Amino acid sequence: MTAVRREHYWYVVAESRELTRDAVLARKVLDEWLVVFRGPDGAPAVLRDRCMHRHAPLSKGTLRDGVLQCAYHGWSYDQHGVVVAVPAEGERFKQVKRRCAKAFAVREQDGFVYVRLADDGPTDITPFAMPHWGEDGWRHVRLVNTFANNVTNCAENFIDVPHTVFVHPGIFRVSHGQRITADVTRTGGSVHVHYHGETDNLGWFRRFLNPDGGSIQHRDSFHAPNVTEVEYTFGPDRRLYIISQSVPEEDMRTRVYTTLSYSFGIFSRSRVLDKITKRVLRYQGQAVIDQDLEALADQGRVLDKYGTDFQNTSADAIHVLVESLQAAIAEGTDPRTLPERSASIAFVI
Ligand code: FES
Ligand SMILES: [Fe+2]
């Protein structure tokens, strides 16, 4: 069995669109300081954010034709981290042996730039494939936020139904005393939840997402170590995915890239209607996230003070399975090798 560590996974370091030809971005993943830029061929590059010379941060440097020049004494680096110029050495530079800064594996996929910090590890771990990215009839809205809590608590929040009536009253759901049941399965390094009996309990969103009060299908998934996927189908032709990629900057600091992907029939086909749809989703999505930012920061402060000793309800069976996958990684076990587990849960919202 191959050992797996958190460094073996691919984490989002930037959106493709923010990494323009002359952008130099400073990022942090798992406490590693990174500089992100595009090389001469436009391919993304990620180096440790530390100049080899006197350790100035390379993210303060300037990029010219894909070569990154340190702001302190002008050492220049290519996309592989190779030093290609040292001004103080003049012509002698050519005789000095090759110098190379720490560079990391990079991939660009579905409008994201991903980094992997480890040089070794399983080759079958790939970046999460964003559903319907680039497909006809599908549109996407992206939001980026930083949470003062860890990846596991963020991910659990994003697929936690009972909190929605307390933290997002009226926007997302309304408390009705409604009984909800769901099937939960842990398999292949993921936890899947299939809800039954969700009908019209979507608060303000209902008027927009489900105006005819059609049937609602709701599935949630967690993919270890850091992706949650919420999928709604309203009536015959409206679908909405909320995909959150939670990137651990530090133990209690998580940068979350939220993608709202939707196909709303006529709404997403018409340019004018889609402009409105996009605006509503962006505004409402951020309003919901703002409430979670506060709830998770509050929880984070209590965890810092007293540690973790959670009590669980039936609905929390989802979180217990999520935590079992995270615990496997913490022990160096590939979470995909854990045995399949299933449960039926019921709770009231
Ligand atoms: S510290 Fe970067 S060139 Fe000197
Ligand atoms: Fe929430």
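The donor residues of the iron ion (ligand 2) follow the spacing H-x4-H-x123-D in sequence. H163 sits in the loop between α1 (151-158) and α2, and D292 sits in helix α5 (residues 271-306), so this pair ties together parts that are 129 residues apart in sequence. The model is predicted. Its chain holds six helices and 18 strands.

**Iron site**
- The iron ion (ligand 2) is coordinated by H163 (NE2), H168 (NE2), D292 (OD) and D292 (OD).
- The angles among the four donor atoms span 58 to 145 degrees, and the site of the iron ion (ligand 2) is irregular.
- For a tetrahedral label, all angles would have to lie between 85 and 135 degrees.
- Both H163 and D292 are buried.

**Overall fold**
- Along the principal axes, the C-alpha atoms fill a box of roughly 75 × 50 × 35 Å.
- Buried residues account for 52% of the 349 residues.
- Take the contacts between residues at least 6 apart in sequence: 61% of them join residues at least 24 apart.

**Helix α1**
- Helix α1 is mostly covered, with eight of its eight residues buried.
- Its buried residues include V151, C154, E156 and F158.
- N150 caps the N-terminal end of α1.
- In this cap, a side-chain oxygen of N150 lies 3.2 Å from the backbone nitrogen of T152.

- H319 belongs to helix α6 (residues 317-330).
- The relative accessibility of H319 is 7%, so H319 counts as buried; the cut-off is under 20%.
- Leaving aside residues up to four places away in sequence, H319 touches E156, I159 and D160.
- E156 is also one of the buried residues of α1.
- With D160, H319 makes a side-chain to side-chain polar contact at 2.8 Å.

- β12 and strand β13 (residues 190-196) pair in the antiparallel sense, over seven bridges.
- Across this pairing, R186 stands opposite V191 in β13.
- The hairpin of β12 and β13 has two residues between the strands.
- In that hairpin, G188 takes a positive phi near 55 degrees.
- β13 also joins strand β14 (residues 216-223) through six bridges, and these two run antiparallel.
- S190 has H223 in β14 as its bridge partner.
- Q178 is found in the loop between α2 (164-167) and β12 (179-187).
- Q178 has a relative accessible area of 14% and is buried.
- Q178 and G121 are 57 residues apart along the chain, and their C-alpha atoms are separated by 46 Å.

**The β5 to β8 sheet**
- Four strands form an open sheet in the order β5-β6-β7-β8, with antiparallel pairing.
- The edge strands, β5 (62-64) and β8 (83-85), each pair on one side only.
- Strand β6 (residues 67-69) and strand β7 (residues 76-77) pair over two bridges in the antiparallel sense.
- Here L68 stands opposite Y77 in β7.

**Backbone points to check in the model**
- A cis peptide bond joins A224 and P225, with omega at about 5 degrees.
- P225 is in the loop between β14 and β15 (227-234).
- D31 is not a glycine, yet its phi is positive, near 70 degrees.
- D31 is placed in the loop between β2 (25-29) and β3 (32-38).
- The relative accessibility of D31 is 53%, so D31 counts as exposed.
- H132 is not a glycine either, and its positive phi is about 65 degrees.
- H132 is placed in the loop between β10 (112-116) and β11 (139-147).
- H132 has a relative accessible area of 17% and is buried.

Technical notes:
Residues are numbered from 1 along each chain as its sequence is written. Chains are lettered from A and ligands numbered from 1 in the order in which they are written. This is a predicted model: local features need pLDDT of at least 70, side-chain atom pairs count only at pLDDT 80 or more; totals for chains, interfaces and linings use all residues. Side-chain values use heavy atoms; hydrogens and water are left out. Buried means under 20% relative accessible area, exposed over 50%, partly exposed in between (1.4 Å probe, protein chains only). A polar contact is a pair of N or O atoms within 3.5 Å; within protein, one must be able to donate a hydrogen and the other to accept it, and residues adjacent in sequence count only if both atoms are side-chain atoms. Contact means heavy atoms within 4.5 Å. Donors are N, O and S atoms within 2.8 Å of the metal (3.2 Å for Na, K and Ca); water is not among the atoms, so sites may look incomplete. Four donors count as tetrahedral if all angles lie between 85 and 135 degrees; four count as square planar and six as octahedral if opposite donors are over 155 degrees apart and all others between 65 and 115; anything else is irregular. Two strands pair if DSSP finds at least two bridges between them.
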